[in-house]
Structure formats: C-alpha cells, structure tokens
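Let's take a walk through this chain together, from its overall outline down to a few single residues. Keep the picture open while you read.

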Amino acid sequence: MKVYKPEWRCTLSVTEGAEASDSWKTRLAWRLRQLADRLDDGGRTIKLDCHTEPRISREDVDDCLGKGFVMSQELLTELTQQAACEGIMRDAKAELFEQATTGPKP
C-alpha cells in the first residue's frame, strides 16, 4: 500500500521599507511609495509577498488577505476603544492610576 504525504509551503513577507543593501530599483520604488504616502496624507504603504507551494489562485490569496485585514481592523478598533475608555478613567479617577504607576505603599 502506498502512503501519501501532502507537502506544502506558504510564506508571507511584509515589508515597510528598503534596506541599504537592496538594489537601486527597490530603493527607488520605496522612495516613490514614501512620496505617495506623503501625497495621500497619512497613508501607510506596505508590500506583501506571498508564495505558496502548490500554487493557489490569486483570488484565493486576495480573499485570505482581505479577511486578515478585516480581522486587523476589528482588533485595532477594540484597542482604540480600550484606549478611549482608559483615557476617560484616568481623567475621572486619576487617583486609581497614580497608585498603579508608583507601586504599592508600605
């Protein structure tokens, strides 16, 4: 009886800028991305490289990345809400936070 063993590989690389050792083309591309970020006023450019073996369709990759960004949005929204609540609590009950930052008193 033959035993089948599935094999796969998936890498996802996120890049936020060029390294000094990158080629001139890569450094130029990142300079253009930085310029576009400034023109867009507040945007943030990242480069995603996704390689899978066996190959999957670009539609499937795009779908997965889209779902990942939806999850990121949900997490960022939750963190923002928590920060807003903490800010209100620090303002309303500053004495509770003063003890937490100075440590317990003997």
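Thr52, for instance, sits in strand β2, residues 47-53.

Before going further, know that this is a predicted model, where local features need pLDDT of at least 70, side-chain atom pairs count only at pLDDT 80 or more, and totals for chains, interfaces and linings use all residues. Residues are numbered from 1 along each chain as its sequence is written, and side-chain values use heavy atoms, with hydrogens and water left out.

**The whole chain**

Three helices and two strands make up the secondary structure, and starting from the N terminus the order is β-α-β-α-α. The radius of gyration is 23 Å, well over the 13 Å that the globule rule gives for 106 residues, so the chain is more spread out than a compact globule. (That radius is taken over C-alpha atoms, and the rule is 2.2 Å times the number of residues to the power 0.38.) Along its principal axes, the C-alpha trace spans about 70 × 55 × 30 Å.

How much of the chain is buried? Buried residues come to 4% of the 106, where buried means under 20% relative accessible area, exposed over 50%, and partly exposed in between, using a 1.4 Å probe and protein chains only. Contact means heavy atoms within 4.5 Å. Among contacts between residues at least 6 apart in sequence, 54% join residues at least 24 apart.

| Side chain | Backbone atom reached | Distance |
|---|---|---|
| Thr52 | oxygen of Pro54 | 3.3 Å |
| Thr52 | nitrogen of Ile56 | 3.4 Å |

Leaving aside neighbours within four places in sequence, Thr52 is in contact with Arg9 and Cys10. Pro54 itself lies in the loop between β2 and α2 (58-92). What kind of peptide bond joins Glu53 and Pro54? It's a cis bond, with omega about 0°. For background, most peptide bonds are trans.

**Two more stops**

Ala18 is in the loop between β1 (9-15) and α1 (24-40). This residue is partly exposed, at 34% relative accessible area. Not counting residues up to four places away in sequence, Ala18 touches Thr26, Arg27 and Trp30. Ala18 and Arg31 are 13 residues apart in sequence, and their C-alpha atoms are 8.6 Å apart in space.

Finally, look for Phe97 in helix α3, residues 94-102. Setting aside neighbours within four places in sequence, Phe97 is in contact with Glu86, Met89 and Arg90.

How values were computed: Helices (H or I, at least four residues) and strands (E, at least two) are DSSP runs, numbered from the N terminus. A polar contact is a pair of N or O atoms within 3.5 Å; within protein, one must be able to donate a hydrogen and the other to accept it, and residues adjacent in sequence count only if both atoms are side-chain atoms.
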